[in-house]
Structure formats: C-alpha cells, structure tokens
Amino acid sequence: GVKEVQIWSDTDCVMTADPRFVPNARPLEALSFEEACELAYYGGKVLHPHTLLPAMRRNIPVRVLNTFKPEHPGTRIVAKLQDGAAGVKSIAFKRHQAIVSISSPRMASGHGFLARIFTAFSKHQINVDMVSTSEITVSATTDDPSRIDLVAAELAGEFEVRVEADKALVCVVGDGIHEKPGVAGDVFSALRQARVNVLMISQGAERNNIAFCVDQADVERAVGALHERFFPSLS
C-alpha cells in the first residue's frame, strides 16, 4: 500500500547510456516499467530485473536515487508514461556472450525442432538471452557457453552445432519505437558509419526494443555511435 518504492545506491539515476563508456550520457527523468525491465535485462547496472516485479504487480512507482546526492531527483519508474513520451530512452549492452547456431536442412517446413532444441538447453541449464530463427537455423545467445558441448552431443544425430565466442548484445530501448518510422534505419545507419558489423538481430514483440549482437571488441564503439545518433552532443 505504499505510494512509492525508493532504491538508494551510488548512482544518480538511470541514464541514456553507461556514463563509464559514454561521458555525455544524460539523466532520465522517467521510464515505464517495461523500459526499465528491458534495460535491466540487457545489462543496465542500476536495477536487477526482479527488483521491479513486486512493484509492477501493485502498480507502485519506483524511484532510483543516490545516497550521496539526496537532493538529486533521480529517475521515476511508472506503469505508463504520459502521451508523447515515446522514443529511444537508453542504450544498454551485455558483454561475454556466445552465439550458438543449430542447423539442419530437415528443419525446412518441419515441426517440433524448436521444442527439441530448447528442451536440450533447459536440460543442461543454459540460459538464453536472445533468439533468432531462419528456415534451417536457430541461433541463440548465452552468457554461459560452458555446457554447450553437452547440448551439441545430445543434438549431434540431428543437428550441426556451431559456437562463436567473444560476442556482446546491444539493445536500444524505448516505448513505441517500432511505431516511429526511421528508428531502425537510424540504428543500423549509425552502426554502418561506425563500421560495426551486426551478427544477429532480434526485435521484441513488446515494441520497445531493438537488440542485436556484435563482436565484443566493437561494443563500446557501437554504443557510442548509437548514443551520438539519438542523443547528439550539445556542443
């Protein structure tokens, strides 16, 4: 029955990017629960995804505040933002990912393959962060490739399994960005200009994120280029 949940840490607020890598990152006054969850899931360090769930269930606003700067207003996280607040809010990233690609020509127009593949992932307790599919290949990212050999052995009779290490996920987050023409074009145009190659793409059905996988060596350049595109320097 409380009016607000306050999370006090050593961070002023949620920002448009991690200020350790983007010096001109800007503070965010407000976020929706969905935006905050996406940022937390894709590597935002201020909040853990499970932190928000009890407040979301009761529609209780959450405010992120800095213990060392109590005068700072922080970031308020609410169920729904006011009209007109749609657009890119922040860019998050996750390092230490691997792409696992599982393929078989028999997957074409077949059925039941996804169930078998992800049953194997579940059996060996491998967390999956992002998934992309084509006619004969399923690709997934994970931050724990140590047991992929067990999955490969289990699926060897039916599939070819390939693992690519040293990757990173980058996610552009903002409510309604799928309804704003040109956002996806801006994302990939900025990456092209920064000479960052995109290895895998996923767009969430909730219409509030565009996520993709790049080489880990390119992640800071990718985040910097995207931040400059959506939040250009004021100088």
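Tutor: The questions below concern the aromatic rings of this predicted model.

Student: How many aromatic pairs are there by this rule?

Tutor: The count comes to five aromatic pairs.

Student: Where in the chain do F21 and F93 lie?

Tutor: F21 belongs to the loop between β1 (5-9) and β2 (30-32), whereas F93 is in strand β5 (residues 90-103). The pair links distant parts of the chain, 72 residues apart.

Student: Why is F93 called buried?

Tutor: Its relative accessibility is 12%, and buried means under 20%, so F93 counts as buried. F21, at 27%, is partly exposed, because that class runs between 20% and 50%.

Student: What makes Y41 and Y42 an edge-to-face pair?

Tutor: The centres of Y41 and Y42 are 5.0 Å apart, with 85° between the planes. The angle is over 60 degrees and the distance is within 6.5 Å, so the name applies. Y42 is buried at 5% relative accessible area, while Y41 is partly exposed at 30%.

Student: How do you know that the charged end of K94 sits over the ring of Y41?

Tutor: The charged end of K94 is 4.4 Å from the ring centre of Y41. The limit is 6 Å, together with a position within 35 degrees of the ring normal. The charged end of R116 likewise sits over the ring of F113, 4.8 Å from its centre.

Note on methods: Residues are numbered from 1 along each chain as its sequence is written. This is a predicted model: local features need pLDDT of at least 70, side-chain atom pairs count only at pLDDT 80 or more; totals for chains, interfaces and linings use all residues. Side-chain values use heavy atoms; hydrogens and water are left out. Rings of Phe, Tyr and Trp (its six-membered ring) pair if their centres lie within 6.5 Å; planes under 30 degrees apart count as stacked, over 60 as edge-to-face and the rest as tilted. Helices (H or I, at least four residues) and strands (E, at least two) are DSSP runs, numbered from the N terminus. Buried means under 20% relative accessible area, exposed over 50%, partly exposed in between (1.4 Å probe, protein chains only).
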